[in-house]
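Colleague: I'd like to learn how to read a model like this one. Could you walk me through it?

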Amino acid sequence: MLIDAHAHLDKYGDVLDQALDEIEQQRIFTIATAMDVPSYVQLQTLGARSPLILPTFGIHPRRAPEYADRLTGLLPFIERSPAIGEIGLDFHWVKDTSTYPAQTKVLEYFLAAAREQKKFVNLHTKGAEKEILRLLERYDIKRAIVHWYSGPLNILRELIAFGAYFTVGVEVCFSDTIKAIAREIPERLLLTETDNPGGLKWLQGAVGMPVEIEKVVDTLGALRQASSESVARTVQENLVRLMDSDPWLKEAHAILSQSQF
Ligand SMILES: [Zn+2]
């Protein structure tokens, strides 16, 4: 079974059915991260269509300013969600620094909720890697996925020492920087993602379909001198460990544990 631990299925538009077919046919367990409330509502309907899709609620840092003053309204969605994401900070692509306090406020609200509700988180860290690490330490969030890490190697090593998991995505096929990062990630913390449909679109201009995850796994295999099968098995085992024994992840846990590695 393949693992796409960070994807935006609600953004597939008119190729959605094709994307869902690929997920079923190739058996790609997919964590469908939300960007905001409407996105999560849509993802929940998609989640109902396949047991391989796990929708999770979060407010993306780009969307944070709109929600910073109505955080308590988010609580019912957080409570309903089996994990938290996408959340985080973006101090790189988001140039308007006046939004940074709102981003931080929203992120801290989610981290506090994740700690209280004992849920794992899926994080966007672009340009704010160090700030995120400090917040994970402060909120004592041990179960964290850092998505598409591209920051400095010293902070990467600190995050590794802290025990964060990392999703390596489609950029590993093209970028030496991402390859170097992928080599640093220890086997027990390695996960895979596409961030599709936007991930590949950003890199190559084409809509990224779920099967792109196979190329990520193959590239990781080549980098780590391992077979694609053994990378896939490692990633699957890692996700099972990350899910721990969360009662709200029982179904996902069962699918992942019963499927052949
Ligand atoms: Zn994302």
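Predicted model: local features only at pLDDT ≥ 70, side-chain atom pairs only at ≥ 80, totals over all residues.

Colleague: Which residues are the protein donors of the zinc ion?

Modeller: Donors are N, O and S atoms within 2.8 Å of the metal (3.2 Å for Na, K and Ca); water is not among the atoms, so sites may look incomplete. Here they are His6 (NE2), His8 (NE2), Glu86 (OE) and Asp195 (OD), at 2.2 to 2.5 Å from the zinc ion. Their spacing along the chain reads H-x1-H-x77-E-x108-D. Histidine 8 sits in the loop between strand 1 (2-7) and helix 1 (16-25), and glutamate 86 in strand 4 (residues 84-88), so the two tie together parts 78 residues apart in sequence. Helices (H or I, at least four residues) and strands (E, at least two) are DSSP runs, numbered from the N terminus.

Colleague: Why is the arrangement around the zinc ion called irregular?

Modeller: Ideal angles for four tetrahedral donors are 109.5 degrees. The four donor atoms here subtend angles of 83 to 165°, which makes the arrangement irregular.

Colleague: Are histidine 8 and glutamate 86 buried or exposed?

Modeller: Both are buried. Buried means under 20% relative accessible area, exposed over 50%, partly exposed in between (1.4 Å probe, protein chains only).

Colleague: Which residues of helix 12 are buried?

Modeller: An α-helix has 3.6 residues a turn, so residues three or four places apart point the same way. In helix 12 (residues 250-258), the buried ones are Ala252, Ile255 and Leu256. They span an arc of only 90° (using directions from the helix axis to the C-beta atoms), which puts them on the same side of helix 12. Exposed Lys250 and Gln258 are on the face turned away from that buried side.

Colleague: Where do the cis peptide bonds occur?

Modeller: One runs from glycine 85 to glutamate 86, with omega near 10°. Another joins asparagine 196 to proline 197, with omega near 5°.

Technical notes: Residues numbered from 1 in each chain as written. Heavy atoms only, no water. Tetrahedral: all angles 85-135°; square planar, octahedral: opposite > 155°, others 65-115°.
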